[in-house]
Amino acid sequence: MKAQHLLPGRFTMLGALAAISFVAACSGVGISSSSDRVFFDGHYFRAKAKPVDKKATPTEFTVVVNGVSASLEGAREAGRFEGTKFCIYNFGTSQILWKVGPDTDPQALSIVDDKLTFAGACQRP
């Protein structure tokens with residue numbers, strides 16, 4: 001009788017652990033819901049900033065924004081946003097010296113295969 005009584009308790013404990021693990025996995029880093037997306041000019045743009053050479057020039061970075069054909073202005077602002085996030089996260093500043101950036105004349109922008117590329121350097125505080 002004791003064995004039967006302990007069995008439901010173990011299943012309850014295992015169920016609770018599974019539920020906690022599932023919730024933890026779903027709220028993990030790198031997983032975001034569509035409600036976390038930031039829209040620019042009514043569009044969502046996939047954008048990524050990365051350092052040019054992390055060891056030699058850690059403050060220099062590029063930003064690539066996909067889907068520029070949806071809205072050039074939106075893509076420019078998405079690139080500004082991604083560059084600002086990169087600098088704040090890595091250097092604690094939102095100050096950027098853009099080589100080619102969101103305020104560059106449209107004719108001088110680098111757009112290839114529907115991707116807009118910016119280049120800049122975070123200004124250390």
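This is a predicted model: local features need pLDDT of at least 70, side-chain atom pairs count only at pLDDT 80 or more; totals for chains, interfaces and linings use all residues.
**View 1. Helix α2 and its surroundings.** With 20 residues, α2 stretches 28 Å from its first C-alpha to its last, close to the 28 Å expected at 1.5 Å a residue. Look along the helix for its buried residues: G74, A75, R76, A78, G79, E82, G83, F86, C87 and F91. The cover over these buried residues of α2 includes β1 (39–40), β3 (47–53), β4, β5 and β7. Just after α2, G92 adopts a positive phi of about 75°.

**View 2. The largest nonpolar core.** This core has 17 residues, and those with the most contacts inside it are F61, V65, F86 and L116. At least two core residues come from each of β4 (57–66), α2 (72–91) and β7 (115–122). Helix α2 gives the most to this core, with five residues. As general background, nonpolar side chains tend to be buried together in soluble globular proteins.

**View 3. The neighbourhood of V65.** Here we set aside neighbours of V65 within four places in sequence and show its other contacts. V65 then touches F45, R46, A47, A75, A78, G79, D114, K115 and L116.

**View 4. F61 meets F86.** The structure holds five aromatic pairs. In one of them, the ring centres of F61 and F86 are 5.0 Å apart and the planes stand at 35°, so the pair is tilted. Since F61 belongs to strand β4 and F86 to helix α2, the pair ties together parts that are 25 residues apart in sequence. The cut-off for buried is under 20% relative accessible area; F61 counts as buried because its relative accessibility is 1%, and F86 counts as buried because its value is 10%.

View 5. The F61–W98 pair links distant parts of the chain, with F61 in strand β4 and W98 in strand β5 (residues 96–100), 37 residues apart.

Methods
Residues are numbered from 1 along each chain as its sequence is written. Side-chain values use heavy atoms; hydrogens and water are left out. A nonpolar core is a set of buried Ala, Val, Leu, Ile, Met, Phe, Trp, Tyr and Cys residues joined through side-chain atoms within 4.5 Å. Buried means under 20% relative accessible area, exposed over 50%, partly exposed in between (1.4 Å probe, protein chains only). Helices (H or I, at least four residues) and strands (E, at least two) are DSSP runs, numbered from the N terminus. Contact means heavy atoms within 4.5 Å. Rings of Phe, Tyr and Trp (its six-membered ring) pair if their centres lie within 6.5 Å; planes under 30 degrees apart count as stacked, over 60 as edge-to-face and the rest as tilted. The expected span of a helix is 1.5 Å times one less than its number of residues.
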